[in-house]
Amino acid sequence: MTVKLQQPPVNEGRKLPSSTGGRAPKRRRLLTMAKARPWLLLAPALILLAGLLLWPLARVFIFSLQDYGLRQIVSGKTNFIGLENYAEIFGDSSLWTVVLPNTIGFAIVAVASTVIFGTLVALLMASLSPSWRTIVGSAVMVAWAMPAVTGTYVWIWIFDADQGLVNETLKSLGLMSDSFNWFTNPVTFYGIVALNIVHHGFPFVAITVLAGLLGVPKEMLEAAEMDGAGPVRRFFQITYPTIKPVFSVVVILSTIWDFKVFAQIYLMPGGSGSNREVLNLGVWSYVESFGQNRYGFGAAIAVLLTVLLLVITAIYVRTLFKEEKV
């Protein structure tokens, strides 16, 4: 006779108690707090930046939609005209033939010259002993510490048409019979401005790139030198790829600074608006706003300059990220 033992029924819908059941919600809360902590720490700075940057930008954009002049300032009344200021800007032939070519062309030349010259100075400083590096670095910082207004007037004196150092030197060497006004021609005008910008901006590039150069492993450079690689090849195949993020920051900041350069152009003879052939976006916005009392039109030019800078910076950063992914 066979006896069958009956097993107790198993409750399939009943879940066994888990020892970690109470820990899962707590772990999720900790993960949520860990993700939110950086934003909580950045919140005061972001709020401050929003108040100092975003609100003024919003106000400028609101002004750009108005016919805003002295009458509106006195009366306190607004006169919204929509996008008419932007239509006038894009319909002005000087924007395409003078202002944009001057702004973009000058920025390209100035950024390239500043980065190249600053990198060469950084390479020179990296090859010096620590004591000499400190002396040269201190001398370089003097140019950076000089105010833009002071530096601009120095370059004006150097290229002065009557008693400038350049004209007097060229005449004494017999290379020039009559004095030449370097500020009337747009090419020579912006050539002087470029010299001013490079002189004032290369210390930042030099010190920043030097910090990156000192972090490049010397073993890699010595190994490449033993393999027969020259200085140029070592720089472009070892040094530059290693400190490429440093160059990216330098190029982006230099582009922003050189696109919106104002004092170095405005203070030059003819740069304040009397010579319309040398206007850029920054000076054009100032001249229309405070020279012609067309604050709405000037605000629209300022918005155009800001959008142009944002587009260029976004394209450059996106291209940089694509190269890093590859």
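The following legends describe close-up views of a predicted model. Residues are numbered from 1 along each chain as its sequence is written, and side-chain values use heavy atoms, without hydrogens and water.

**View A. Thr-119 in helix H4.** Thr-119 belongs to helix H4 (residues 93-126); helices are DSSP runs of H or I with at least four residues, numbered from the N terminus. With a relative accessible area of 8%, Thr-119 is buried (buried: under 20%; exposed: over 50%; partly exposed: in between; 1.4 Å probe, protein chains only). Leaving aside residues up to four places away in sequence, Thr-119 touches Val-205, Val-209, Phe-235 and Phe-247 (contact: heavy atoms within 4.5 Å).

**View B. The salt bridge between Glu-88 and Arg-294.** A salt bridge places a side-chain nitrogen of Lys or Arg within 4 Å of a carboxyl oxygen of Asp or Glu. In this pair, the closest N and O atoms are 2.8 Å apart. Glu-88 lies in helix H3 (residues 84-91) and Arg-294 in the loop between helices H13 (281-291) and H14 (295-325), so the pair ties together parts 206 residues apart in sequence.

**View C. The salt bridge between Glu-288 and Arg-294.** These side chains meet at 3.9 Å, N to O. Glu-288 is buried, at 8% relative accessibility. Shared partners join Glu-88, Arg-276, Glu-288 and Arg-294 into one network of salt bridges.

**View D. Lys-171 and Glu-168 in helix H7.** The closest N and O atoms of this salt bridge are 3.7 Å apart. Because the two residues are three apart in helix H7 (residues 165-172), about one helical turn separates Lys-171 from Glu-168.

Notes. Predicted model: local features only at pLDDT ≥ 70, side-chain atom pairs only at ≥ 80, totals over all residues.
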